[in-house]
Structure formats: C-alpha cells, structure tokens
Amino acid sequence: MEDISPTEEVTDTEDNEEEDLGVLDDQRSIILHLLSQLKLGMDLTRVVLPTFILEKRSLLEMYANFMAHPDMFLSITSGATAEDRIVRFVEYYLTAFHEGRKGAVAKKPYNPVLGETFHCSWEVPWDKVRPLVRSNQGPGWEAGRAPNSAPQGEDSPGGCYRVRFVAEQVSHHPPVSGFYCECREKRMCVNAHVWTKSKFMGMSIGVSMVGEGVLCLLEHDEEYVFTLPCAYARSILTVPWVELGGKVSINCVKSGYSATVTFHTKPFYGGKVHRVTAEVKHNSTNTIVCKAQGEWNGTLEFTYSSGETKVMDTAKLPVTRKKLRPVERQGRTESRRAQAPVITGGGRKSLRLWQHVTKSLKEGNMDKATEHKHRLEECQRAEERQRAADNKPWKPKYFTKEGDGWIYNSALWKST
C-alpha cells in the first residue's frame, strides 16, 4: 500500500451533513424537464444530472465511510471459531451502511473521474479490539481480557492498530471503482470492485451495485465473498430519500458458513422503512446459527443459536473519524483535491476539481458549482479523445483487472 506516514494525516473535520430542505420550486421545474426526456428503465450513466442534487463528497469517499466502525471490523478475526467469525462479519456488515449514507435527504455523491483516488486511515486503540467472549451472566456479549502482548510496530502508533484504505476509479465506461482496506497487524484485508448502474424508475432512481468484495482473514486462511445491496432515491420531486433493497450474500467456502441479508423496500401501503433481516447458517447441516432483524440505520436485534439475544442501536455506536492528509498535501488525483490535466490549444494545464465544486456547494452557489462540474466533464471527454487518438488505453495506478474483478496490486495476501 502507498506509504503514507501516520504523521502526515490529521483527523477529518468534514461532517458532510446534508440539509433536509426538500426540492425547491425552481429545482422542481428542472427535474420535471429532465424527467420528460427519460424513459422507464433508461440507463442514467451518461445522463448529466443537475448540480443541486449532488452530495459534497465523491463516491470513493462514501465507500471509505462504510468503515466508520473499524473496531467491529478488526474484531472479526478475533472470533474463536468459524461460526463466531461469520457472525461478527454479519454484525459489522449490517452496521456499516448508516454512516455511509449520511443524512435523511437523498443526494448523489460525485461520479469519480477516471484515475481519481482516495486515501485515508483509522487508528483503533488496542483495548477496543479485545477478544469477545460469551457472557455467562445472561444474553449478550462482553469484553474479554486484553491480549497478553499487544502488537508493536511503526504501523501502530501510540498503542493503536492502523487500518488503511485506498480507492481508485479504475474505469469510466462502465463506471467501476476499486477499493482496498487492510490492517497488517491483524493480518486482514478487504478487496472490492463496484460497478454502479443507475436506471430511471418513474418517481425513483435505482442504483445497482454490481460486483463483489472479498474479506481475507490470513490468520485463519479464510475468504468471505460478499455482495452489496441496491440503492433507491425515492420521491425525487418532493423530499428525496434513500432506501436500500435486495438480497445480498456472504459466503466462506473453507468454513462452510454462509449468510443471506435481505434489505426490504417499503411496501406501497403501510409497512416500515429501512427494514433488514439476516440469517447465518452452517451449509452442510443447514443449521441456522444466527438471525437478525431491524433497521439498518436504527435498532438491530440479533438472536443466536444458544437462545441469547443482543440489541444494537446504530445511532449510538461510536464512530471513528478517518484520518487523511490536509488537502494542500494531497496528490493531484485525490478526491478532495483532484486536479486533472486539461488539454487546450496551448498544451496541458491543471484544473482543480472537486475542491472547488464542494466549496461552491457549501456556499450555495449552484451556478459556480455547475461551472466547475462542467469543466470536469469536458476535461474527461478531452482526455478520452486524446487516449483514443494515441491508442493508449487507461492503466490504473493501484488495481489490475483479473477476470471480472479488479485486484489491488499490493494486497496483503501477496506479501505473506
């Protein structure tokens, strides 16, 4: 992984909260005009959407925010048995979406430009990732004793594990993002690729997250292959909101355990929003070892094969803020700075991208944000034309295509 020193990074201060104002009258007329040109089921990949629906962060950063509970992530590999480990993975998975989907109002993250990257890390104190043991006092979990010897090393400054993350936009058509996350001390990592496919559904927009991720626990020689749910922007003419839907799977071939997670969309009449259910089973015996139900952005209840239950409120889970380099010290392709080469008659020059779009959005200056966004789109087209003229296909910096997927070049399992 690119060697970014922990001393270079500072705790992120961006809140990325979105105001829940709904759609204003002038914005509604723009949306109506756009809708009049769309057909049901139409692919929205190449449709230019209005700037006011943009969220103030890149899609690559949204994927990083799925790691808002790195202590739960690191605890997966501490499970004493294969059953414990997949149950912990499901617990982590179900709590990962509420922070990635900030705010009640639906807004769209920036489409990353080709070659855009995002780097960050999290520091997790050793005592937050103690092995967890079943409580003999009744239902629930409690922390066990800390390990006799805490890991040492430069990646663990001040008694902390360090979790590092990198994402890259590896393809523009189709739009594919690759992301990779690792903790060297815990010998675990995640490699994933996601192709976002958007389609028009009348008063909703559906986004399929095509692709998969693989969690590798090197200590146990286990791989957990998982998929991601679809997202839907509902009520796009009034107060748009997001719900997740669809069935996803988590599967570990070596241990013979699998899980099915179902994100339930709200029925047309009645019913609750944001419902999710899950089952973890041992495949060869078809035994259900854990069930979960609740809301992915609310309260979740887990029932284990022992009869024990546990309730988890995602709103009360402590969020670990990511750390990243200040914008002025980031590389020119990083999301928050994102300079891109612009090809002009006089040659190439650099143009800063998301930094100025974000600033304009924060100031409420939609015209200026639209202008910066338009320059970005023109820049991408010029680059694409230049590559075609030179017959030079794009080569990502951090990921390599293998089969249908994209693999991080310096993945942890390659160095052990």
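Analyst: Here is how some of those labels work out in this structure, which is a predicted model.

User: Let's start with Arg 234. Why is Arg 234 called buried?

Analyst: Arg 234 has a relative accessible area of 17%. Buried means under 20%, so Arg 234 gets the label. You'll find Arg 234 in strand β12, residues 230-234.

User: What makes the pairing of Arg 234 and Glu 243 a polar contact?

Analyst: The side chains of Arg 234 and Glu 243 are joined at 2.8 Å. The cut-off for the N or O atoms is within 3.5 Å, and one atom must be able to donate a hydrogen while the other accepts it. The pair therefore counts as a polar contact. Arg 234 also makes a polar contact, side chain to side chain, with Ser 204 at 3.2 Å.

User: Which residues does Arg 234 touch, leaving out those up to four places away in sequence?

Analyst: Among them are Met 201, Val 239, Trp 241 and Thr 265.

User: Now Glu 308. Why does Glu 308 count as buried?

Analyst: Its relative accessibility is 13%, and the limit is under 20%, so Glu 308 counts as buried. Glu 308 is in the loop between β17 (299-304) and β18 (309-313). Its side chain makes a polar contact of 3.3 Å with the side chain of Ser 306.

User: How far apart are Glu 308 and Cys 290, in sequence and in space?

Analyst: They are 18 residues apart in sequence and 9.7 Å apart in space, going C-alpha to C-alpha.

User: What about the cysteines: why are Cys 290 and Cys 160 called buried?

Analyst: Cys 290 has a relative accessible area of 3% and Cys 160 has 11%. Buried means under 20%, so both cysteines get the label.

User: What makes the lining of the largest cavity nonpolar?

Analyst: Count by class: 15 nonpolar, no polar and no charged residues.

Note on methods
Residues are numbered from 1 along each chain as its sequence is written. This is a predicted model: local features need pLDDT of at least 70, side-chain atom pairs count only at pLDDT 80 or more; totals for chains, interfaces and linings use all residues. Side-chain values use heavy atoms; hydrogens and water are left out. Ala, Val, Leu, Ile, Met, Phe, Trp, Tyr, Cys and Pro count as nonpolar, Asp, Glu, Lys and Arg as charged, and the others, Gly among them, as polar. Helices (H or I, at least four residues) and strands (E, at least two) are DSSP runs, numbered from the N terminus. Buried means under 20% relative accessible area, exposed over 50%, partly exposed in between (1.4 Å probe, protein chains only). Contact means heavy atoms within 4.5 Å.
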